[in-house]
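Please consult the sequence and the structure alongside the text.

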Amino acid sequence: MSLELQKTPLRQVQDVRQLLMNENARNQLSAVASKHMNPERMMRVVANAIRTTPKLGQCEPMSFLGALMHCASLGLEPNTPLGHAYLIPFENKRKGVTEVQVVIGYKGLIELARRTGQLASIHGDVVYSDDEMFSHEYGSNQHLRHIPGPRKGKMVAFYCYVELNLGDGLTARGHRVMSYDEVIAHRNQHSQGWKTAVKFGKTADSPWFEGSPTFEAMGIKTVIRRMAGRGELPMAIEFMDAEQTDERQADFRSFAMDPTQGVALEEEEEPIEGEAVEAVPEKKEAAPTKKAAEPKAKEAEKTC
């Protein structure tokens with residue numbers, strides 16, 4: 001027998017657990033959810049996420065609902081083994097509360113690209129110094145060949161390989177490779193999340209930390225986004241929204257959607273001095289916003 005939902009106005013909801021049993025909250029999710037997303041299932045998924053990451057249950061409820069609404073609009077379930085998206089609790093020291101950020105995993109970006117129907121195959125991986133073989137070439141004789149080895153050496157490169165459906169039985173293949181040094185330089189120059197971690201001495205807690213188990217995923221995600229920025233991946237509107245999510249969350253700002261109004265809030269002029277309080281795989285990747293007039297190639301350089 002299902003439990004009766006509460007009808008308390010959203011602004012009067014006291015905590016996340018009340019939010020999960022609130023009829024108005026579920027109505028908000030239903031209003032923005034993609035066609036294959038079930039709000040009731042979403043609530044069950046996040047209830048499980050709270051059990052595994054208790055700090056989420058202490059988050060400000062409207063921030064939590066705003067994050068859920070964004071995941072629902074993208075059609076990505078957060079904090080599941082699929083690795084599509086993550087809800088990250090962080091301390092907003094200016095407001096004195098714990099809020100939620102949405103982080104889209106590289107597998108989430110792949111899933112959104114698949115939904116265009118143009119993506120036949122995609123593979124991202126890391127090249128190690130002790131791999132048996134790795135070679136690639138761009139241009140008319142382009143190829144990519146990788147034979148992994150023990151994978152106990154040093155990381156030397158990250159890559160993404162795609163096959164696209166062009167219609168009428170035609171396909172196209174492409175790939176992009178970034179060296180380890182290129183990825184590190186990209187992180188140091190463009191990741192506001194990494195810069196914040198450096199500022200507050202929290203680099204060991206960052207997914208960009210070289211010793212972190214999430215570092216490989218961050219590198220692969222950077223290559224995928226570079227391919228998308230160069231027009232080498234199909235991009236649905238949800239894919240672009242997911243990339244913009246990383247931009248909005250780059251400097252620990254609060255989520256930009258007000259679930260009680262259904263409109264975007266203006267961003268603060270200065271970043272909040274916050275810090276992540278619970279480690280979750282594939283946390284954030286930063287992106288300063290670029291001017292629309294810049295070429296796509298430059299835009300891709302600045303978006304992760």
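E132 is exposed, with a relative accessible area of 62%. The model described here is predicted. Its protein chain contains 10 helices and 10 strands, and 48% of its 304 residues are buried.

**Surroundings of E132**

- E132 is located in the loop that links β3 and β4.
- Leaving aside residues up to four places away in sequence, E132 touches I147, P148 and G149.
- E132 and I147 are 15 residues apart along the chain, and 5.4 Å separates their C-alpha atoms.

- Among contacts with a separation of 6 or more, 63% are between residues 24 or more positions apart.

**Nonpolar cores**

- In soluble globular proteins, nonpolar side chains tend to be buried together.
- The largest nonpolar core of this chain has 33 residues, and the members that touch the most others are F64 and L87.
- At least two residues of this core come from each of α1 (16–20), α2 (23–32), α3 (39–52), α4 (61–74), β1 (85–92), β2 (97–104) and α5 (106–114).
- Helix α4 provides the largest share of this core, with nine residues.
- A separate second core comprises 26 residues, including A113, V162, F215 and A217.

**The sheet of β3, β6 and β7**

- An open sheet is built from three strands in the order β3-β6-β7, with antiparallel pairing.
- Strands β3 (119–128) and β7 (170–179) are the edge strands, each pairing on one side only.
- From one strand to the next, the twist averages 15°.
- Strand β6 (residues 155–167) runs antiparallel to β3 and is joined to β3 by nine bridges.
- Within this part of the sheet, H123 is placed opposite Y161 of β6.

**Helices lying across the sheet**

- Helix α6 (residues 180–190) lies across β6 and β7, and its direction makes an angle of about 75° with β7.
- Helix α8 (residues 215–229) lies across β3, β6 and β7, at about 40° to β6.

- Strands β1 and β2 run antiparallel and are joined by eight bridges.
- Y86 is found opposite V103, a residue of β2.
- Four residues lie between the strands of this hairpin, where G96 adopts a positive phi near 75°.
- Strand β2 is largely enclosed by the rest of the structure, because seven of its eight residues are buried.

- Strand β4 (residues 133–137) pairs with β5 in the antiparallel sense, over five bridges.
- H136 has L144 of β5 as its bridge partner.
- This hairpin has five residues between its strands, and G139 takes a positive phi near 100° there.

- Most residues other than glycine have a negative phi.
- N79, which is not a glycine, has a positive phi near 55°. N79 belongs to the loop between α4 and β1. Its relative accessible area is 16%, which is under 20%, so N79 counts as buried.
- R151, also a residue other than glycine, has a positive phi near 60°. R151 is in the loop between β5 (143–147) and β6. R151 is partly exposed because its relative accessible area, 28%, falls between the cut-offs of 20% and 50%.

**A buried threonine in a loop**

- T214 is situated in the loop between α7 (192–199) and α8.
- With a relative accessibility of 11%, T214 counts as buried.
- The side chains of T214 and S212 form a polar contact of 2.7 Å.

Key: Residues numbered from 1 in each chain as written. Predicted model: local features only at pLDDT ≥ 70, side-chain atom pairs only at ≥ 80, totals over all residues. Heavy atoms only, no water. Buried < 20%, exposed > 50% of the residue type's maximum accessible area, 1.4 Å probe, protein only. Contact = heavy atoms within 4.5 Å. Core = buried A, V, L, I, M, F, W, Y, C linked by side-chain atoms within 4.5 Å. Pairing = 2+ DSSP bridges. Axes fitted to C-alpha atoms, helices over the stretch in contact; angles between N-to-C directions. Polar contact = N/O pair within 3.5 Å; in protein donor to acceptor, adjacent residues only side chain to side chain.
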